Every structure is written in C-alpha cells, then in structure tokens.
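Colleague: I am new to this structure and would like to go through it step by step. Please take my questions in turn.

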Amino acid sequence: MSSRDPHRPLLTRRVFLASSLAVGVAGCAGGGFSPLYGVTSSGADLESTLASVNVIPIPGRVGQQLRNELLFSMRGGGSDLGADYELRIAIRESVRQIIRERDGDSQGEVYRITSEFQLLNTGDSAVLLKGENVAQAAYRRFDSIFANLRARRDAENRAAKDSARSISTRVAAFLSRTG
C-alpha cells in the first residue's frame, strides 16, 4: 500500500496557483497600473478633463445619437466647462443583408457604423489622438414596414452607443496619461 495522499496533486496545484497570484499582484502594485478614472498624470481629475472636451456636432440622426452618447459618457450630460480639447468625428454607415431565403429575400441585416475620430488641442489645433472605430448591430427584417423601420433604428442606436463607449474609453485612456 502506498502512503501517498490522493489529493496531493490538487493541493500542489492550488498552492502553485495561490503563490503565482500573490507574485502577480505584488508585481502589479508598483508596476505602473492606475485606475482609469482617477487622477491624470498631470494631477488633474480625469472627470473634469473629460468635461473639457467639446464634441463637434456630427451630421445625421445617427451622428446626433453618437454625439449625445459621447456627451453623456464624458460629462454625464452636463454642459462643457470650457473647451481645452475638441473631438471631431466623421461617420460612414452601411447595411449588409444576411441569411437569404430561397426566393432571394433576406431575413436579417447588419447595420455598421465606421467612426473616424480626432482629438485636437483647442489652443494650437494640434491632433493629439486619432483613430477609427467600427460598431455593428444585427436586426431581423419583418413583413411590417413599421417593424422594419423600428428594428433598423434600434440597431443604429445600439451601434452608436457601442461606438461612443469605445471612443470615450480611448479618449479617457489617452487623457489619463497626458492630460
């Protein structure tokens, strides 16, 4: 008979994982990680820095929805506190049909919004950050015209919200390091 404990491999694995986690946490503590919505590298509060970003109006209904979502995520819907930065966004919209039936009709579509953005310093109009974001939202087509319009509008709103979330996070990450 063996005197070996049958739970020893499990215990060894747990000890290894616990020690790895402890070393990882200790390494990250002084490794330069900081909360995103804390104090920026210059010592300013990130919330007030984000509130000083002026989002230029974007043409179209989806552009207006995207701008409103950005203003809400950056300022909580409040007014600007003086613009230190300017965010310019150009959007492209497209729709792709999916799931075709035998008669050629599609059962669903995917709405796609591509947003190219630039963050500028209002003092010298220098481009500080530029990027592109793609957001998609699928929706089903129905026999009713009203239902199709409503489904498309909901997909546009979802895509605008996803795009705004991504852009505001990227701007916040940039400003937390430089602002």
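**Questions on the model**

Colleague: Where does serine 168 lie?

Modeller: This is a predicted model. In it, serine 168 is part of a helix, and that helix is α4.

Colleague: Is serine 168 buried or exposed?

Modeller: A residue counts as buried when its relative accessible area is under 20%. Serine 168 has a relative accessibility of 7%, so serine 168 is buried.

Colleague: Which residues does serine 168 touch, not counting residues up to four places away in sequence?

Modeller: Neighbours up to four places away in sequence are set aside here. What remains for serine 168 is Leu70, Ser73 and Met74.

Colleague: How many residues does helix α3 have, and what does it reach from its first C-alpha to its last?

Modeller: Helix α3 covers residues 61-75, which makes 15 residues. At 1.5 Å a residue, 21 Å is expected. The helix comes close to that, reaching 21 Å.

Colleague: Which residues are buried in α3?

Modeller: The buried positions of α3 include Leu70 and Met74, and both of these are touched by serine 168.

Colleague: Which residues touch the most other members of the largest nonpolar core?

Modeller: In soluble globular proteins, nonpolar side chains tend to be buried together. The largest nonpolar core here has 31 residues. Those that touch the most other members are Leu70, Leu87, Ile89, Leu119, Val171 and Leu175.

Colleague: Which element gives the largest share of this core?

Modeller: At least two residues of the core come from each of α2 (46-51), β1 (53-55), α3, β2 (85-100), β3 (106-121), β4 (127-140) and α4 (145-178). The largest share is 10 residues, and it comes from α4.

Colleague: Which residues does isoleucine 89 touch, not counting residues up to four places away in sequence?

Modeller: Isoleucine 89 is one of the core residues that touch the most other members. With residues up to four places away left out, its contacts are Ile58, Leu66, Leu70, Ser115, Glu116, Phe117 and Ile167.

Colleague: Is valine 55 buried or exposed?

Modeller: Valine 55 lies in strand β1. It touches Arg67, Leu70, Leu71, Met74, Arg75 and Leu87, not counting residues up to four places away in sequence. Its relative accessible area is 0%, so valine 55 is buried.

Colleague: How many Å apart in space are valine 55 and arginine 88, C-alpha to C-alpha?

Modeller: In sequence, valine 55 and arginine 88 are 33 residues apart. In space, C-alpha to C-alpha, the distance is 6.4 Å.

Colleague: Which parts does the salt bridge between glutamate 156 and arginine 61 tie together?

Modeller: The closest N and O atoms of glutamate 156 and arginine 61 are 2.7 Å apart. Glutamate 156 counts as buried at 9% relative accessibility, whereas arginine 61 is partly exposed at 30%. The two are 95 residues apart in sequence, so the bridge ties together helix α4 and helix α3.

Colleague: Where do arginine 141 and glutamate 109 lie?

Modeller: The side chains of arginine 141 and glutamate 109 meet in a salt bridge, 3.9 Å from N to O. They are 32 residues apart in sequence. Arginine 141 lies in the loop between β4 and α4, and glutamate 109 in strand β3.

Colleague: How many residues apart are aspartate 162 and arginine 165?

Modeller: Aspartate 162 and arginine 165 form a salt bridge with an N to O distance of 3.2 Å. Both lie in helix α4, about one turn of the helix apart, and the separation is 3 residues.

Colleague: Where in the protein chain is confidence lowest, and where highest?

Modeller: The mean pLDDT of the protein chain is 80, and 68% of its residues reach 70 or more. Helix α1 (residues 8-29) has the lowest confidence, with a mean of 55. The highest, at 94, is in β4.

Notes:
Residues are numbered from 1 along each chain as its sequence is written. Side-chain values use heavy atoms; hydrogens and water are left out. Helices (H or I, at least four residues) and strands (E, at least two) are DSSP runs, numbered from the N terminus. The expected span of a helix is 1.5 Å times one less than its number of residues. Buried means under 20% relative accessible area, exposed over 50%, partly exposed in between (1.4 Å probe, protein chains only). A nonpolar core is a set of buried Ala, Val, Leu, Ile, Met, Phe, Trp, Tyr and Cys residues joined through side-chain atoms within 4.5 Å. Contact means heavy atoms within 4.5 Å. pLDDT is the predictor's confidence in each residue, from 0 to 100. A salt bridge is a side-chain nitrogen of Lys or Arg within 4 Å of a carboxyl oxygen of Asp or Glu.
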